[in-house]
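User: Got a model open here and want to talk through a few details. Can you take my questions as they come?

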Amino acid sequence: MVGATMALDLARDRVRRVTLVDVDPSRLTAAQGQDDRLKVHQADLSDPAAVRSLAERADLVLGALPSRYGYAALEAVIATGRPYCDISFMPEDAWRLHEAAQATGTIAVIDCGVAPGMSNLLAGVAARRLDPCESITIRVGGMPAVPQPPWRYKAGFSPYDVIEEYLRPARIVEQGEVVVREALSEPVLIEFPETGTLEAFNTDGLRSLTETLDVPNMLEQTLRYPGHRDLAWALRETGLLGESPIEVGGVEVIPRDLTCRLLFPLWTFAPGEVDLTVMRVEATGRLDGQPTRLRWDLYDELDPETGWTSMARTTAFPATIMARMIESGVVAAPGVHPLENLAVDDAVVDTMFAELKARGVTYRYEAAPLTD
């Protein structure tokens, strides 16, 4: 749902040969129909051996796999020494492979989408500008422009990973300590100018930020239209997202598999249906000695000219821009790098924002004084 946009954006440059790989031939045909210069190859990338074989034939690799395959794919690419840029929201801590990547000379930028991704970069910028930086709050979500009951939601990326967000315990930093909250917990209503009231709730989006930034209070929450969170919470608490088989009429059924089979068609965007992405990153601290709040706001919709969804655009473009920075040598240090670690480099930050703006993805920035 995002990988094709990544491949097509890279192919636009006409200076490289781009091959798109997927297990589903219909997806490959659809992508190639948008640009016949795009090469396609069918393969099952849940197999790390297939990933390694393909990576060995490439100059640079981008990953857009469902989260459950992300870590194994990263390990496979690291073994080849090829540069890698990945958007997989994998449950494992990818930065644990930093030394392995250094050993093979692999440049790997992970979690390089919108969130995690741009949220990490902005958090890194905030921690760099504020002295000290006292808090960072990230709120982000993708959703249909016109919500339909009962779910008031459709998935702009792998729906299996949406379910993972609703299950995976959320790491939060409070008073300098990492604490764990249930996913979907502590809901709060927030007003946004373009969408009106949205509901935010805890999810595990801080990830590497809990270890890389010395900020005493950090929180990441997912945004949805009000009402969606309650339905997701009810599914989980009823056991309908469980993975242990239960017997129903003499047949063993995995509740999560049945729920997903029924649910995902309702979460699928119709062709041309407008989606939107909303993100707000706020940080507080002292700027030039004065109490200050920094805020970055993103609001983006489907591009009617290309038909690329907002979630695909806002997630794919950071990865393809980073891939170009790896190609040009702007990012050259071997290792596994989350984006906040690259926020210390003005060339990386300035290039990322300029290239996103050139593609119609704009982050609005403001610095406002706070009273002590």
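User: Where in helix 11 is the kink?

Analyst: At Ala 316, shortly before the proline Pro 318. The kink is about 30 degrees. The bend at a residue is the angle between axes fitted to the seven residues ending there and the seven starting there. Helices (H or I, at least four residues) and strands (E, at least two) are DSSP runs, numbered from the N terminus.

User: How should I read the numbering and the values?

Analyst: This is a predicted model: local features need pLDDT of at least 70, side-chain atom pairs count only at pLDDT 80 or more, and totals for chains, interfaces and linings use all residues. Residues are numbered from 1 along each chain as its sequence is written, and side-chain values use heavy atoms, with hydrogens and water left out.

User: How many residues of helix 11 are buried?

Analyst: 17 of its 19. Buried means under 20% relative accessible area, exposed over 50%, partly exposed in between (1.4 Å probe, protein chains only).

User: And what comes just after helix 11?

Analyst: Gly 329, with a positive phi of about 90 degrees.

User: Switching to aromatics. How many pairs are there?

Analyst: The count is 8 aromatic pairs. Rings of Phe, Tyr and Trp (its six-membered ring) pair if their centres lie within 6.5 Å; planes under 30 degrees apart count as stacked, over 60 as edge-to-face and the rest as tilted. One of the pairs is Tyr 153 with Trp 267: the centres are 5.1 Å apart and the planes at 90 degrees, so it is edge-to-face.

User: Where do Tyr 153 and Trp 267 sit in the chain?

Analyst: In distant parts, 114 residues apart. Tyr 153 is in the loop between strand 6 (133-144) and helix 7 (159-167). Trp 267 is in the loop between helix 10 (255-263) and strand 14 (275-287). Both residues are buried.

User: What about Phe 353 and Tyr 363, stacked or edge-to-face?

Analyst: Edge-to-face, because the planes are at 75 degrees, with centres 6.0 Å apart. Phe 353 lies in helix 12 (residues 346-358) and Tyr 363 in strand 17 (residues 363-369), so the pair ties together parts 10 residues apart in sequence. Phe 353 is partly exposed at 24% relative accessibility. Tyr 363 is buried at 11%.

User: Which charged end sits over the ring of Tyr 160?

Analyst: That of Arg 68, 4.9 Å from the ring centre. The rule: NZ of Lys or CZ of Arg within 6 Å of the ring centre and within 35 degrees of the ring normal. The charged end of Arg 129 sits over the ring of Tyr 365, 5.1 Å from its centre.
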